[in-house]
Amino acid sequence: MTKVLPPFQSSVDIDGYRVTLHGRPRLKAIQAAFLSITVTDPNGRPARFTPWYGALAHAIFFRARSLDYFHTHVCAAGASGCASFLGGAAVAGTSSTPGRLRVGVLVPVPGTWRLFLQCRVDGHILTAPFTLKVS
Ligand SMILES: [Cu+2]
């Protein structure tokens, strides 16, 4: 059974919160890159992230039609044991401004990938899906 992924969309709305991926990322396999993501609350103000399971945000990548998988984090300042590794390279994101996330990406193979970005904002757990092409 084949399920076709929805096309790339730069914004996802959840419970009045909006998660936006900025720019059109040009991703390549085995090459680290960063995604610029912002989260706004229902009033349009930058969201305040609360650490959840040891990270400000979790970025979980699944590849369509295979079981390839990559999981990384946006770490809070001073957090330890939060970075992810692929082939010895450390990948971690940062957040120095409220509402703004810099998410590291390092996926092992090209294809269509689905990113699930998870964060906690005002007690809400937000899960924002994005479709990404990796060449
Ligand atoms: Cu995680």
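Me: Is Gly99 buried or exposed?
Reply: Gly99 is buried, because its relative accessible area is 3%, and buried means under 20%. Please note that this is a predicted model.

Me: Where in the chain is Gly99 placed?
Reply: Gly99 sits in the loop between β8 (89-91) and β9.

Me: How far apart are Gly99 and Gly44, in sequence and in space?
Reply: They are separated by 55 residues in sequence, and their C-alpha atoms are 10 Å apart in space.

Me: On to β9, then. Which sheet is that strand part of?
Reply: Strand β9 belongs to an open sheet of four strands, ordered β1-β2-β3-β9, in which the pairing is antiparallel. The edge strands are β1 (11-14) and β9 (100-105), each of which pairs on one side only. On average, neighbouring strands of this sheet are turned by 25° against each other, direction ignored.

Me: What holds strands of a sheet together in general?
Reply: Strands of a sheet pair through backbone hydrogen bonds, in either a parallel or an antiparallel arrangement.

Me: How many bridges are there between β2 and β3?
Reply: Five bridges link strand β2 (residues 17-22) to strand β3 (residues 33-40), in the antiparallel sense. Within this pairing, Thr20 stands opposite Thr38 in β3.

Me: And how many between β1 and β2?
Reply: Strands β1 and β2 run antiparallel and are joined by four bridges. Here Ile14 is the residue opposite Tyr17 in β2.

Me: What does the turn of that hairpin look like?
Reply: The hairpin of β1 and β2 has two residues between the strands, and Asp15 takes a positive phi near 50° there.

Me: What is the phi of Tyr53?
Reply: Tyr53 likewise has a positive phi, near 50°, and is a residue other than glycine. Tyr53 is found in the loop between β4 (49-50) and β5, and at 69% relative accessibility Tyr53 counts as exposed.

Me: Changing topic: which residues are the protein donors of the copper ion?
Reply: The donors are His58 through ND1, His71 through NE2 and His73 through NE2, at 1.9 to 2.0 Å from the ion. Along the chain they follow the spacing H-x12-H-x1-H.

Me: Which parts of the chain does the pair His58 and His71 tie together?
Reply: His58 lies in strand β5 (residues 57-63) and His71 lies in strand β6 (residues 69-74), so the pair ties together parts that are 13 residues apart in sequence.

Me: Is His58 buried or exposed?
Reply: His58 is buried, with a relative accessible area of 7%. His71 is partly exposed, with a relative accessible area of 26%.

Me: Which lining residues are closest to its centre?
Reply: Of the 16 residues lining the largest pocket, the closest to its centre are Phe8, Thr112, Thr131, Leu132 and Lys133. Strand β11 (residues 124-134) supplies the largest share of the lining, three residues.

Me: How do the lining residues divide into nonpolar, polar and charged?
Reply: The lining of the largest pocket consists of nine nonpolar, two polar and five charged residues.

Definitions and conventions: Residues numbered from 1 in each chain as written. Predicted model: local features only at pLDDT ≥ 70, side-chain atom pairs only at ≥ 80, totals over all residues. Heavy atoms only, no water. Pairing = 2+ DSSP bridges. Axes fitted to C-alpha atoms, helices over the stretch in contact; angles between N-to-C directions. 1 Å grid on protein atoms, 1.4 Å probe; cavity = no way out; pocket = protein on both sides within 12 Å on 5 of 7 lines; lining within 4 Å. Nonpolar A, V, L, I, M, F, W, Y, C, P; charged D, E, K, R; others polar. Donors = N, O, S within 2.8 Å, 3.2 Å for Na, K, Ca; no water. Buried < 20%, exposed > 50% of the residue type's maximum accessible area, 1.4 Å probe, protein only.
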